[in-house]
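Have the sequence and the 3D view open as you go.

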Amino acid sequence: VLNRDKTQNNNKTMKKFIAVAALFAMIFTGASAQFEAGTKYIGASLSGLSLQYSSNERLRFNLDGAAGLFVSDGLLVYANFGYGHTRYTDDVTAGINGRYYFTQNGIFLGTGAQFVHYTKSSNDLMVPVEIGYAFYLNHYLTVEPSVYYKMSMHDFSDNSSVGLKIGLGYYF
């Protein structure tokens, strides 16, 4: 009787181990499958804190949208568009960007070029650089927090900014 109880406990332990191993395999396989060539991406992000170098525009509210395609495993090319608001100005942004995803953990690095329209007589070209993380809620939907730096080509000291953003991504 004692030997039979010990065998049953070992079987239960083995079943638990196999279940946990299968769960980890599904999680890591599912996340990396989303970064394969041909996968489409739609995203939206919100940033409410942008630290600018100029003293008059320290707090900024941005709402951005993006759509793109993985051109190879781990490499996303996407177009973005957005609206920005500060106490003094509103602006509209359009750009082409790229991200490289490290498939093992969901961390991504991104860069690109963005055209910013402030007023009829004031436009800018920005070079954004970001680092973030794609946290999967399910097989398709992610929460994507990131930190970015946008370098202004028109007025480096007044228009460049550093900020935080939170986004939602849909991979299909």
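**The cavity and its surroundings**

The largest cavity has a volume of about 270 Å³. Of the 27 residues lining this cavity, Ser45, Tyr78, Arg99, Glu130 and Lys165 are the closest to its centre. This is a predicted model, in which local features need pLDDT of at least 70, side-chain atom pairs count only at pLDDT 80 or more, and totals for chains, interfaces and linings use all residues. Residues are numbered from 1 along each chain as its sequence is written, and side-chain values use heavy atoms, with hydrogens and water left out.

**Cavity**
- Searching the whole structure gives 2 cavities of 30 Å³ or more.
- A cavity is a set of points on a 1 Å grid over the protein atoms alone where a 1.4 Å probe fits but cannot get out, and lining residues have an atom within 4 Å of a point; the volume is the space filled by probe spheres set on the points, which are joined across faces, edges and corners.
- At least two lining residues of the largest cavity come from each of β1 (40–52), β2 (61–72), β3 (75–85), β4 (90–101), β5 (107–119), β6 (122–133), β8 (141–152) and β9 (161–171).

**Fold**
- The protein contains 2 helices and 9 strands, as DSSP runs numbered from the N terminus (helices H or I, at least four residues; strands E, at least two).
- Along the sequence, the pattern is α-β-β-β-β-β-β-β-β-α-β.

**Packing**
- Of the protein's 172 residues, 35% count as buried, meaning under 20% relative accessible area with a 1.4 Å probe, protein chains only.

How values were computed
On a 1 Å grid over the protein atoms alone, a cavity is a set of points where a 1.4 Å probe fits but cannot get out, and a pocket is an open set with protein on both sides within 12 Å along at least five of seven lines; lining residues have an atom within 4 Å of a point. Buried means under 20% relative accessible area, exposed over 50%, partly exposed in between (1.4 Å probe, protein chains only).
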